[in-house]
Amino acid sequence: MKLIGLSFVALVFFVGGCSSLILKPADFAWPVESKLTVGPDGMAKESRYSIAFNAKPLIYSESRDTSNVDGQTLWIIRDTKGFYYITGPGFKDVYIFEQGSGGLKLKKEILVSKTGIASPAFNQRNPYIELLNGDSKPIMLTENGISKEAEK
């Protein structure tokens, strides 16, 4: 009986020691946007934040063409929850990604312009990401889409 009791106590300590450690709150936001130039291999890299990703699928999703990705410009910013917002000149959409297993996983694609964004810029406006496009009214974004509350 003592052996069963000792085994139970050891099991409780072992399982308790395996629980996940969560550090909250955490702020993943980048204070300013990054402007990335896509290389001939299709990779977009930002050394300041240690991120690199294959931009070809994103460019294909937007333009249906990846024949000339070299030199394409992308704007990227990260919000406080850790979501990445990506767009570029001529894009009609803002793409929101979350970190996946070895890559970025698309969470949401948001239509922001029917004709394409001429000169995109992102700002951190906690809890929103502000998208600017020249003289157009700023669009406030969250990981779920365009914020109607922020427009009020």
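In this predicted model, W30 has a relative accessibility of 4% and therefore counts as buried, the cut-off being under 20%. Its ring takes part in aromatic pairing, and a search of the whole structure finds three aromatic pairs.

One of these pairs is formed by W30 and Y49. The two rings are stacked, with 4.0 Å from centre to centre and 5° between the planes. W30 lies in the loop between α1 (2-17) and β1 (34-37), whereas Y49 lies in the loop between β2 (43-46) and β3 (51-54), so the pair ties together parts that are 19 residues apart in sequence. Y49 counts as partly exposed because its relative accessibility is 22%, a value in the range between the 20% and 50% limits.

W30 also forms an aromatic pair with Y84. Here the arrangement is edge-to-face, with the ring centres 5.7 Å apart and an angle of 75° between the planes. Y84 belongs to strand β5 (residues 84-87), and W30 to the loop between α1 and β1, so this contact ties together parts of the chain that are 54 residues apart in sequence. The relative accessibility of Y84 is 7%, and Y84 therefore counts as buried.

Taken together, ring pairs link W30, Y49 and Y84 into a cluster. W30 and Y84 count as buried, while Y49 counts as partly exposed.

Key: Residues are numbered from 1 along each chain as its sequence is written. This is a predicted model: local features need pLDDT of at least 70, side-chain atom pairs count only at pLDDT 80 or more; totals for chains, interfaces and linings use all residues. Side-chain values use heavy atoms; hydrogens and water are left out. Rings of Phe, Tyr and Trp (its six-membered ring) pair if their centres lie within 6.5 Å; planes under 30 degrees apart count as stacked, over 60 as edge-to-face and the rest as tilted. Helices (H or I, at least four residues) and strands (E, at least two) are DSSP runs, numbered from the N terminus. Buried means under 20% relative accessible area, exposed over 50%, partly exposed in between (1.4 Å probe, protein chains only).
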